[in-house]
Amino acid sequence: MIFVIDVGNTNTVLGVFREEKLTFQWRMQTDKNKTEDEYAMFIRSLLEHEGLRFSDINGIVISSVVPPILFALQRMADKYFHCNPMVIGDDKVNPYLKMKYPNPKELGADRIVNAVGVIKEYGSPSIIIDFGTATTYCYINEKNEYVSGVITPGINISLEALYQNAAKLPKIELKKPANVLGDSTVEAMQSGVYFGYVGQVDAVVNRIKQEIGRSPQVIATGGLATLIAKDSSVIDIVDPYLTLKGLYEIYRTNEKDFE
């Protein structure tokens, strides 16, 4: 079994692949202060809940946009799983992703992994929307080349900014409101953020399509993808575990050459 770890700025998503199938998956809050021992004990509890042990894991692959956590996870893999984890971005790991992007080294590991996952699962051309701490839009052309993308503030960043900078506005939970016009401050805020974000997604994707002169399929991932897809007119597929699938694909294609 292969253990895959996707560390985002807000959440970390974990999964176990057995015989090329994503069998278990979990989501936890990203915590920069956890040690390798604390990560190991938390992960052990998740594995044991599913009847698994550290020794059942044959390999680990990690994608991280939070460098301090990567060090702790590498030490955890060595100490508790007794294996050298494959890390996206390491020179020894080739994602086998063709690039038209002028500065590939600027690309975050999550965007590379998502592109690999989309090509493997859905083909191309494709637009990927990842609803994370930032919302990213990536375009993969019909030659399976990563072309370029768009980055906007994430939904939760927008909510937090509203709360932090407007003294009389409360902290709210994002959910789809019943109506556009809210009957309370909370409903009005939920409506503005939700429908405003749906509008942003549709507008950005339509402008990408207009600029490239074609209409590729649109795949959304990330924790809020299912919610936003309810009212977006441009999202064709929602795959909450696209990044984990991309990680597994990179592991599979590098496995023989990785020591």
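I took helices (H or I, at least four residues) and strands (E, at least two) as DSSP runs, numbered from the N terminus. I worked on a predicted model, in which local features need pLDDT of at least 70 and side-chain atom pairs count only at pLDDT 80 or more, while totals for chains, interfaces and linings use all residues. Residues are numbered from 1 along each chain as its sequence is written, and side-chain values use heavy atoms, with hydrogens and water left out.

Entry one, Ser191. I found Ser191 in helix α5 (residues 185-212). Its relative accessible area is 5%, so I put Ser191 down as buried (under 20% relative accessible area; exposed is over 50%, partly exposed in between, with a 1.4 Å probe and protein chains only). Setting aside neighbours within four places in sequence, I listed Pro177, Asn179, Val180 and Gly196 as its contacts, a contact being heavy atoms within 4.5 Å.

Asp130 lies in strand β7 (residues 126-131) and, at 12% relative accessibility, counts as buried. Beyond four places in sequence, its contacts include Asn114, Thr221 and Thr243. The side chains of Asp130 and Asn114 make a polar contact at 2.8 Å (a pair of N or O atoms within 3.5 Å, of which, within protein, one must be able to donate a hydrogen and the other to accept it, and residues adjacent in sequence count only if both atoms are side-chain atoms).

I then turned to α3, where Asn114 is among the buried residues. Gly123, which follows α3, has a positive phi, near 80 degrees.
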